[in-house]
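Hello,

Here is the structure I promised to pass on.

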Amino acid sequence: MKNKKSIIVLGIIFLFFLGCVTHSTPTVKSTMDNIVTRMYANLTDGELESINHDFIMNNITKEEKDILAKKYWYFDVNVPVTVSIMQHQNQQQPPFWLEPSGFSKTDMIVKNELNTYSVWQKEFPAGRVELGINGFDKHRPVYFVSVGPKNKADKLELSNFFPSNQHIEIMQPGAFTYHDWDELVLTQVPESLIGNQLLTTIRGRAREAHLINAFRNTPFPSSEYPDQISLTWSDDPSTTMNIQWRTNSKVNQGQVRYWQKKQDMKTSVAEKTLIENRLLKNDRYTHRFHAKLVELEPNTTYNYTVGYNQTWSDTSEFVTGPKDDEPFSFVYFGDTHRSPHWGQLINTAFKQHPSTSFFTIGGDVVSTGLYRDDWDHWFKYGQDVLKQRPMMTTLGNHDNQDGLGAQLYLDQFEYPKNGPDFIEKERVYSFEYSNALFVMLDATAPIKDQTQWLENTLANSDKTWKFVFFHFPPYSYEEDYPVIRKQWGDMFDKYHVDMVFSGHVHYYMRSKPMYNQKPVKSPADGTIYVISISVPNGDREMPAREFVDVRFGGEPLYLSLDVNKNTLEYKTYNLAGDIKDEFKIEK
């Protein structure tokens, strides 16, 4: 399941275990941090990999159990209530606190389209209701809650929620249970529960106390030597450059030294971000550095090195963008998924097209955006190119996963902060390069919150070429996105976007020029929609669709686009360097 529409419709970001909610009193996060720290100090790798529920319960304190049983989910009620917990029947180990805290298992069941839940109930007086973790095993269908007044005549009011951005539905068939999947709706609800207040949750909450089969190693741990060096833009590509890199947590300062040939060296101080991935056994903490170089000369080659004190990287180079409408080229990748195939692809693309100005990715940059070791793979595979050319990306559902937000994605890059007010900065942005506008949208966030900004951005651009990037394809065989086609497609029609780049469905497709959701004769009359993929994928029979011009699967691909004044040349290549698709637009 891709879980896309709920993310698009709701866009509710929870920041539970990521540590963005802090309190002076113990929380589930701080408690789990302490438990993991103690385990690292006292257990071998083999013991960490073999821990089970009983072991955990025998090796955490009474105080820790109390926090895990009461501080995961809580709220106030104004009248006596019956609280019902819908616990997934296939969960091998029910929440440890459920029965000891006074909940009783009933004969009732609740069903949605995929799962069956047992119903546990407990009566609470007016006041605070406190509930505990789902478990230590990352069981994805986490429990959800309904609350009803004990006295049917009472008017129930719920308040003072933790987490604070609680969504409430009416408990009835058709209601959804998870913020990150509103397509998964209830199909069977006992009569006595219908009309209760339903507290939805996110499947990502299963990760908050994850310990069983949870610990990982990265094959590419950090050190005092700077690595994962990459380039992006957050401002004018002709006069600025952002440089990012990683070290271990022992290195507390970073700088960039940069220079033009035969000119004096300059220095820029970097900002530091501490990144924690607590289940990463061999590299829990790292530092990521970000430096922005300004007042650069357009269309100029610079050498640079990053580091501090006595430890510096090898010298690399970058080229600033042109100030005027000069020819340029860029490369597009579909889903890269931290795959070594993508590593081969980006290195092949750069070798075959060394004049490429920058690279783009249409989401699903990695496979599990919450795992820093996924990012370690991605940077390792692309390291030789990422330090020489800027990489401009968009978010996919794998980067913004399980309703837990995209902070780790945002930690890696520095992008323009010129996006819409209602979306976290750098998730949606635009930039101009030569005579082209590039618009990077976030299809995992609410579509409507980006539409007005999209229209303003397109309307205020006088660039010859307009390109838009986002993850979920408006036109595809497998999944339908009518909201995107309508709200964003109307903008593409109105302001004549030349091409839209997407991924997600793991095959290659180029549409005919489309206008008002219908094919038209010429690119001058409509928008071309492209889907691509950067990892191996299976080919399969697909029915004819009126919007399709070219479609195939089976191998990793990259797209190279050369823009020269009013001419665009587009070619799709495989790893062998064979041209799989091509066309030309002249304005």
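**Rings and their neighbours**

Arg 257 lies over the face of Trp 312, and the distance to the ring centre is 3.7 Å. Please keep in mind that this is a predicted model.

The structure holds 65 aromatic pairs. One of them is formed by Trp 245 and Phe 289, which are stacked, with 5.5 Å from centre to centre and 15° between the planes. This pair links distant parts of the chain: Trp 245 belongs to strand β13 (residues 241–248) and Phe 289 to strand β17 (residues 285–293), 44 residues apart. Trp 245 counts as buried because its relative accessibility is 1%, under the 20% cut-off. Phe 289 is also buried, with a relative accessible area of 1%.

How are the rings of Trp 378 and Phe 413 arranged? Their planes are at 85° and their centres 5.9 Å apart, so this pair is edge-to-face; planes over 60 degrees apart count as such. Trp 378 lies in helix α7 (residues 372–386), whereas Phe 413 is in the loop between α8 (407–412) and β24 (429–433), so the pair ties together parts that are 35 residues apart in sequence. Both Trp 378 and Phe 413 are buried.

Happy browsing, and do write back with any questions.

Best wishes

Notes: Residues are numbered from 1 along each chain as its sequence is written. This is a predicted model: local features need pLDDT of at least 70, side-chain atom pairs count only at pLDDT 80 or more; totals for chains, interfaces and linings use all residues. Side-chain values use heavy atoms; hydrogens and water are left out. Rings of Phe, Tyr and Trp (its six-membered ring) pair if their centres lie within 6.5 Å; planes under 30 degrees apart count as stacked, over 60 as edge-to-face and the rest as tilted. Helices (H or I, at least four residues) and strands (E, at least two) are DSSP runs, numbered from the N terminus. Buried means under 20% relative accessible area, exposed over 50%, partly exposed in between (1.4 Å probe, protein chains only). A charge sits over a ring if NZ of Lys or CZ of Arg is within 6 Å of the ring centre and within 35 degrees of the ring normal.
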